[in-house]
Amino acid sequence: MPAKVRIPTPLRRFTGGSEEVGASGATVGAVVDDLERQFAGIKERLCDEEGRVRRFVNIYLNGDDIRFLSHLETAVKDGDELSIVPAIAGG
Amino acid sequence: MAAAPGMATDAAAPPAPARAESVLDLIGGTPLLDVTAMGRGLSPRVRLLAKLEGMNPGGSVKDRAALSMVRHGLATGALAPGKTIVDSTSGNTGIALAMIGAALGYPVTLVMPENVSRERKRIIHAYGARVVFSSGMEGSDGAILKCRQLLAEGGARYFKPDQYFNEMNPRAHFESTGPEIWEATEGRVTHFIAGIGTGGTVMGTGRYLKSRNAAVQIIAAEPDDALHGLEGLKHMASSIVPGIYKEQELDAKVPVPTDTAYDLVYELAARFGLVVGQSSGAALYAGLRVARELDAGVIVMIFPDFGERYLSTNLWAGWKEWQQRHPRR
């Protein structure tokens, strides 16, 4: 069973409008790579050229900010929930 | 008593009073700061001026629109004793409405996305306003929709200034921000730059400046993508377009990358002693882009607020790395 990933409004154009999608990987980084395989272009929105999560993007694993866990190296188990949340309200 | 700044009816913006009866009398009359030195290799005949809207008593440019909308509500009877002021806001308008409500004795309820900064929530609570949170996943549009729902349930009890559709929003800038810039530059302003949140600032100020000199260029700074980190600004192509926003009145739009805007905020702090919010970084990015193309000109940028209310946010997430790349001499 893959992880559940919650997608914010500004990124739903990549997921065909879906608010929640499934993606697999042993770490958050691997899940992001799987998202990119399914929805080309989405990774560039989430990560900078050096592969780090962009400053204005927050990723939560089961409600905890991965910046306070192990960033993209944070381990993911089947059935975990990842939420991608814009850091700001946006206007 | 001083005439109320922000509600001037002629071209001359009243000077800020030395002594005021109400915080509301202190709205407007903000200064320009010359930040030309932020540009490298600019023509010596170009000036870059930042209008420091953080000097307003509520701490942002939104004080102007909020006061104008509330006063209009009182004048028309739409706001009367027994009613509550309600609106959806990403923060600064909420702070302004909460301040004005407190000063005038009206209760205030605000709908905002749960991911607005902690400082904003605290300030709004300090003014005694009630906050209803909408989903952070849906951004400011989620707050707009939730506010509509609240109104559908108890409409008659509420006065909704509706900053996205209320013509008093751009009007406030036509009557105060525009004249202030015209006077402070002695009519020499050639370019005006503001970010688009509701569009009120850029529309209203732009109309005034064009009325004085049709050649003044009106330029909007806009996030370069739907997913961005420029709090207070809207990426129009992917948003509910505000009714007061008339894109055809703009001379140009400059797309702003969040990362560069954040870096400019760090640089302003380190080089000018000026800590501002991310939307000021966005305005400066657009200002520098315009300045590089010019041989001569006076560019005025709106710096919507100061930075204290973002210290807990992701804005500062990259500051250490930036500092390492730009060590002090």
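1. A:Asn62 sits in the loop that joins strand S3 (57-61) to strand S4 (64-65) of chain A, where strands (E, at least two residues) and helices (H or I, at least four) are DSSP runs numbered from the N terminus. Although A:Asn62 is not a glycine, its phi is positive, at about 45°. A:Asn62 counts as partly exposed because it has 13 C-beta neighbours inside 10 Å; a residue is buried if 20 or more other C-beta atoms, placed from the backbone, lie within 10 Å of its own, exposed if 12 or fewer, and partly exposed in between.

2. This is a predicted model, in which local features need pLDDT of at least 70 and side-chain atom pairs count only at pLDDT 80 or more, while totals for chains, interfaces and linings use all residues. Residues are numbered from 1 along each chain as its sequence is written, and chains are lettered from A and ligands numbered from 1 in the order in which they are written.

3. B:Glu186, which is not a glycine, also has a positive phi, of about 50°, and it lies in the loop between helix H5 (168-184) and S7 of chain B. With 8 other C-beta atoms within 10 Å, B:Glu186 is exposed.

4. Strand S10 (residues 296-303) of chain B is mostly covered, since six of its eight residues are buried. Strand S2 (residues 45-52) of chain B pairs with S10(B) in the parallel sense over eight bridges, pairing being assigned if DSSP finds at least two bridges between two strands, and B:Lys51 stands opposite B:Ile302 in S10(B). Strand S7 (residues 191-195) of chain B also pairs with S10(B) in the parallel sense, over three bridges, and the partner of B:Ile193 there is B:Met301.

5. Helix H1 (residues 62-76) and helix H2 (residues 92-104) of chain B pack with their axes 8 Å apart, at an angle of about 50°; the axes are lines fitted to C-alpha atoms over the stretch in contact, and angles run from 0 to 180 degrees between N-to-C directions. H1(B) and H2(B) are therefore oblique to each other, given that angles under 35 degrees count as roughly parallel, over 145 as roughly antiparallel, 65 to 115 as roughly perpendicular and the rest as oblique. Residues making this contact include B:Ala66 and B:Leu67 of H1(B) and B:Ala96 and B:Leu97 of H2(B).

6. Between the chains, 31 residues of chain B are in contact with 15 residues of chain A, contact meaning that C-beta atoms, placed from the backbone, lie within 7 Å. Strand S4 (108-113), helix H4 (139-154) and helix H7 (258-272) of chain B each give two or more residues to the side that touches chain A.

Definitions and conventions
Two residues are in contact if their C-beta atoms, placed from the backbone, lie within 7 Å.
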